[in-house]
Amino acid sequence: MENLIANLEKLTKGIVDNLDGVTYEQLEDFVQRRGEIIAKLQSIPFSQISINPYRVQIQSLLKYDSIIIAKMEEIRQEANEGLSKISIGRQQKVGYESVGPYDSVFFDQKK
């Protein structure tokens, strides 16, 4: 259990230390690895007595959640803005493309 919590702490602090330059792929990897560690922790049968030494350590790790979630939200906003730009570009492109038959035909006449 101690090893799992140490791995979780190392993983969390590693992502928080590099949060300014982190990509969405790195955040996705972090969430996946963190989920695996937490699943292993939840599968360990333990009593209330064995939890107490780790309680402070786990609570300190939980404080980083709001920082990590804020970064995830920032990346989500950037992705939404990118998708909006793509959508607007497609709509503008459709406006310039001819669709259907022509309404009228003009002929030049010689004078």
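Student: What percentage of the residues count as buried here?
Tutor: Of the 111 residues of the protein, 20% count as buried. Buried means under 20% relative accessible area, exposed means over 50%, and partly exposed is in between (1.4 Å probe, protein chains only). The model is predicted: local features need pLDDT of at least 70, side-chain atom pairs count only at pLDDT 80 or more, and totals for chains, interfaces and linings use all residues. Residues are numbered from 1 along each chain as its sequence is written, and side-chain values use heavy atoms, with hydrogens and water left out.

Student: How many helices and strands are there?
Tutor: There are four helices and zero strands, and from the N terminus the elements run α-α-α-α. Helices (H or I, at least four residues) and strands (E, at least two) are DSSP runs, numbered from the N terminus.

Student: What share of the contacts is between residues 24 or more positions apart?
Tutor: Among contacts with a separation of 6 or more, residues 24 or more positions apart account for 83%. Contact means heavy atoms within 4.5 Å.

Student: OK, helix 1. What should its 16 residues span?
Tutor: Helix 1 covers residues 2-17 and should span 22 Å at 1.5 Å a residue; its end C-alpha atoms are 22 Å apart, which agrees. The expected span is 1.5 Å times one less than the number of residues.

Student: Which residues of helix 1 are buried?
Tutor: They are L4, I5, L8, E9, L11, T12, I15 and V16. Seen down the axis of helix 1, these buried residues fall within an arc of 165°, so they line one face. The arc is that of the directions from the helix axis to the C-beta atoms.

Student: Why do residues three or four places apart point the same way?
Tutor: An α-helix has 3.6 residues a turn, so residues three or four places apart point the same way.

Student: And which ones are exposed on the other side of helix 1?
Tutor: E2, N3, K10 and D17 are exposed there.

Student: Moving on. How far does helix 2 reach?
Tutor: Helix 2 has 20 residues and reaches 29 Å from its first C-alpha to its last, close to the 28 Å expected at 1.5 Å a residue. Its buried residues are L27, F30, R34, I37 and L41. Seen down the axis of helix 2, they fall within an arc of 95°, so they line one face of the helix. The face turned away from that buried side carries the exposed residues Y24, E28 and S43.

Student: At what angle do helix 1 and helix 2 pack?
Tutor: Helix 1 and helix 2 (residues 24-43) pack at about 165°, with their axes 10 Å apart. Axes are lines fitted to C-alpha atoms, for helices over the stretch in contact, and angles run from 0 to 180 degrees between N-to-C directions.

Student: What does R34 touch?
Tutor: R34 is in helix 2. Not counting residues up to four places away in sequence, R34 touches L8, L11, L62 and D65. The C-alpha atoms of R34 and L11 are separated by 7.6 Å, and the two residues are 23 residues apart along the chain.

Student: Where is Q57?
Tutor: Q57 lies in helix 3 (residues 48-62). At 26% relative accessibility, Q57 counts as partly exposed. Q57 touches I5 and E9, not counting residues up to four places away in sequence.

Student: Last one. Where is F46?
Tutor: F46 is in the loop between helix 2 and helix 3. Leaving aside neighbours within four places in sequence, F46 is in contact with M1, L41 and I51.
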